[in-house]
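Here's a quick briefing to read alongside the model. Take a look at the structure first, then work through the points below.

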Amino acid sequence: MSTLEWIEDYNVGIPAIDNEHRLLVSLINDINRTIDTHKEFQTQIIGDSLKTLEQCVRNHFASEERFLLFNNYPEYDTHKTEHTLLLEQLEHFEKKFLAEKPDFTENMLLYLKDWLVRHIILHDCKFSSYFRDEELIDHFG
Ligand SMILES: [Fe+2]
Ligand SMILES: [Fe+2]
């Protein structure tokens, strides 16, 4: 399966947040590579990778929420709710993987890529354009 390439549209224009998003993309690509290469220890490696991904997603959401709260983002509550939902989906995804290891298919990986990119494009880019419109971006760039 093809790797998830970083494209310009994923940039929110706030370097600290973009770097964290890039890290999440690279973790998903690690899982992608594992599926392609490590047939023998796949379950163990992917299980560990999903745990790492979950921890990094938690840290990222927490730091993004601190940033939004600190800057009085008007849609903070909606964004935080969306994060909570995404974490629930990731936990569900992990449980599903642990229960159905052999059936960990490329479709599930496709789901994971979509899960991350959709949030960045639909929600994170929304706060970035808000701060840009408010001309606050210079303070964070
Ligand atoms: Fe977010
Ligand atoms: Fe984000």
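Predicted model: local features only at pLDDT ≥ 70, side-chain atom pairs only at ≥ 80, totals over all residues.

As for bookkeeping, residues are numbered from 1 along each chain as its sequence is written, chains are lettered from A and ligands numbered from 1 in the order in which they are written, and side-chain values use heavy atoms, with hydrogens and water left out.

**The overall fold**

- The chain has 4 helices and 0 strands; helices (H or I, at least four residues) and strands (E, at least two) are DSSP runs, numbered from the N terminus.
- Reading from the N terminus, the order of elements is α-α-α-α.
- The radius of gyration is 16 Å, close to the 14 Å that the globule rule gives for 141 residues, so the chain is as compact as a globular protein of that length. This radius is taken over C-alpha atoms, and the rule is 2.2 Å times the number of residues to the power 0.38.
- Picture a box of roughly 50 × 25 × 20 Å along the principal axes: the C-alpha atoms of the chain fill it.
- Of the 141 residues in the chain, 43% are buried.
- Among contacts in the chain with a separation of 6 or more, 75% come from residues 24 or more positions apart; a contact means heavy atoms within 4.5 Å.

**The iron ion (ligand 2)**

- Which residues coordinate the iron ion (ligand 2)? They are His-21 (NE2), His-60 (NE2), Glu-64 (OE) and Asp-124 (OD), at 2.1 to 2.2 Å.
- Donors are N, O and S atoms within 2.8 Å of the metal (3.2 Å for Na, K and Ca); water is not among the atoms, so sites may look incomplete.
- The angles between the 4 donor atoms around the iron ion (ligand 2) run from 82 to 168 degrees, which makes the arrangement irregular. To be tetrahedral, four donors need all angles between 85 and 135 degrees; four count as square planar and six as octahedral if opposite donors are over 155 degrees apart and all others between 65 and 115; anything else is irregular.
- Along the chain, the donors of the iron ion (ligand 2) follow the spacing H-x38-H-x3-E-x59-D.
- This site links distant parts of the chain: Glu-64 is in helix α2 (residues 42–70) and Asp-124 in helix α4 (residues 106–133), 60 residues apart.

**The iron ion (ligand 1)**

- The iron ion (ligand 1) has Glu-64 (OE), His-79 (NE2), His-83 (NE2), His-119 (NE2) and Asp-124 (OD) as its protein donors, lying 1.9 to 2.3 Å from it.
- Their spacing in sequence is E-x14-H-x3-H-x35-H-x4-D.
- Glu-64 bridges the iron ion (ligand 1) and the iron ion (ligand 2), which lie 3.3 Å apart.
- Here too, distant parts of the chain are linked: Glu-64 is in helix α2 and His-79 in helix α3 (residues 76–99), 15 residues apart.
- Like Glu-64, His-79 is buried.

**The nonpolar cores**

- In soluble globular proteins, nonpolar side chains tend to be buried together.
- The largest nonpolar core has 27 residues, and Leu-50, Leu-53, Val-57 and Leu-112 have the most contacts inside it. Such a core is a set of buried Ala, Val, Leu, Ile, Met, Phe, Trp, Tyr and Cys residues joined through side-chain atoms within 4.5 Å.
- At least two residues of this core come from each of α1 (15–37), α2, α3 and α4, and α4 gives the most, with 7 residues.
- Leaving out residues up to four places away in sequence, Leu-53 touches Leu-24, Leu-27, Ile-28, Leu-90 and Leu-112.
- A second, separate core of 10 residues includes Val-12, Leu-68, Tyr-76 and Phe-127.

**A loop residue to look up**

- Where is Asn-72? Asn-72 sits in the loop between α2 and α3, and it is exposed, with a relative accessible area of 62%.
- Asn-72 is not a glycine, yet it has a positive phi of about 50 degrees.
- Most residues other than glycine have a negative phi.

Conventions. Buried < 20%, exposed > 50% of the residue type's maximum accessible area, 1.4 Å probe, protein only.
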